[in-house]
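Biologist: Show me the structure, please. I want to know what lies behind the labels.

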Amino acid sequence: MMDLFRRRAQVMVATEAGGEGINLQFCHHIINFDLPWNPMRVEQRIGRVHRLGQTEDVKIYNLCTYGTIEEHIVHLLHEKINMFESVIGELDEIVERMEREESLEKRLAKMLLDAKDEGELRSRIDGLGESLLRTKAQVEKEV
């Protein structure tokens with residue numbers, strides 16, 4: 001199937017499994033329209049395309065709906081922790097430290113279910129962003 005995609009197709013739509021175990025270095029555009037809550041999963045998707053053998057500049061597009069929690073997550077990823085500017089090792093360390101007690105997905109799911117309204121949810125997610133920043137600062141200090 002990958003050979004058919006490489007030779008004839010222009011677009012591949014994949015589930016979360018598209019971020020695991022396949023090499024897509026013959027591609028050079030990624031469109032994330034179902035952003036996972038864990039930034040490492042985004043890195044895994046990018047890693048399928050941006051790897052040894054890649055001959056093109058890789059372009060990544062993250063789509064989200066304005067005014068949704070997904071938009072806030074995109075903001076968190078880009079503005080608060082500068083995920084795409086961080087080196088992979090540093091991002092690994094940040095997420096690993098953050099997930100010692102509970103995964104980011106579970107934390108965000110609880111926030112979503114427990115929040116009384118959108119304002120409280122945004123506030124809780126902002127708190128998570130601040131926690132990520134503190135962890136990032138600790139990792140940078142140690143390196």
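Modeller: Start with a definition: exposed means over 50% relative accessible area, and buried means under 20%. The model is predicted. By that rule, Lys-106 and Leu-113 are exposed, on the face of helix 5 turned away from its buried side.

Biologist: Which residues of helix 5 are buried?

Modeller: Helix 5 covers residues 104-114, and Leu-104, Arg-107, Leu-108 and Met-111 are buried there. Down the axis of helix 5, these buried residues fall within an arc of 95°, so they line one face. An α-helix has 3.6 residues a turn, so residues three or four places apart point the same way.

Biologist: What caps the N-terminal end of helix 5?

Modeller: Ser-103 does. Its side-chain oxygen lies 3.1 Å from the backbone nitrogen of Lys-106. The cut-off for a polar contact is 3.5 Å.

Biologist: Why is Arg-97 called buried?

Modeller: Its relative accessible area is 18%. Buried means under 20%, so Arg-97 qualifies. Arg-97 lies in helix 4.

Biologist: What does the side chain of Arg-97 make a polar contact with?

Modeller: The side chain of Glu-142, at 2.3 Å. Beyond its neighbours within four places in sequence, Arg-97 is also in contact with residues including Thr-135 and Val-139. Arg-97 and Thr-135 are 38 residues apart in sequence, with C-alpha atoms 7.4 Å apart.

Biologist: Why is Leu-63 called partly exposed?

Modeller: Its relative accessible area is 44%.

How values were computed: Residues numbered from 1 in each chain as written. Predicted model: local features only at pLDDT ≥ 70, side-chain atom pairs only at ≥ 80, totals over all residues. Heavy atoms only, no water. Buried < 20%, exposed > 50% of the residue type's maximum accessible area, 1.4 Å probe, protein only. Helix = DSSP H or I, 4+ residues; strand = E, 2+ residues; numbered from the N terminus. Arc of directions from axis to C-beta. Polar contact = N/O pair within 3.5 Å; in protein donor to acceptor, adjacent residues only side chain to side chain. Contact = heavy atoms within 4.5 Å.
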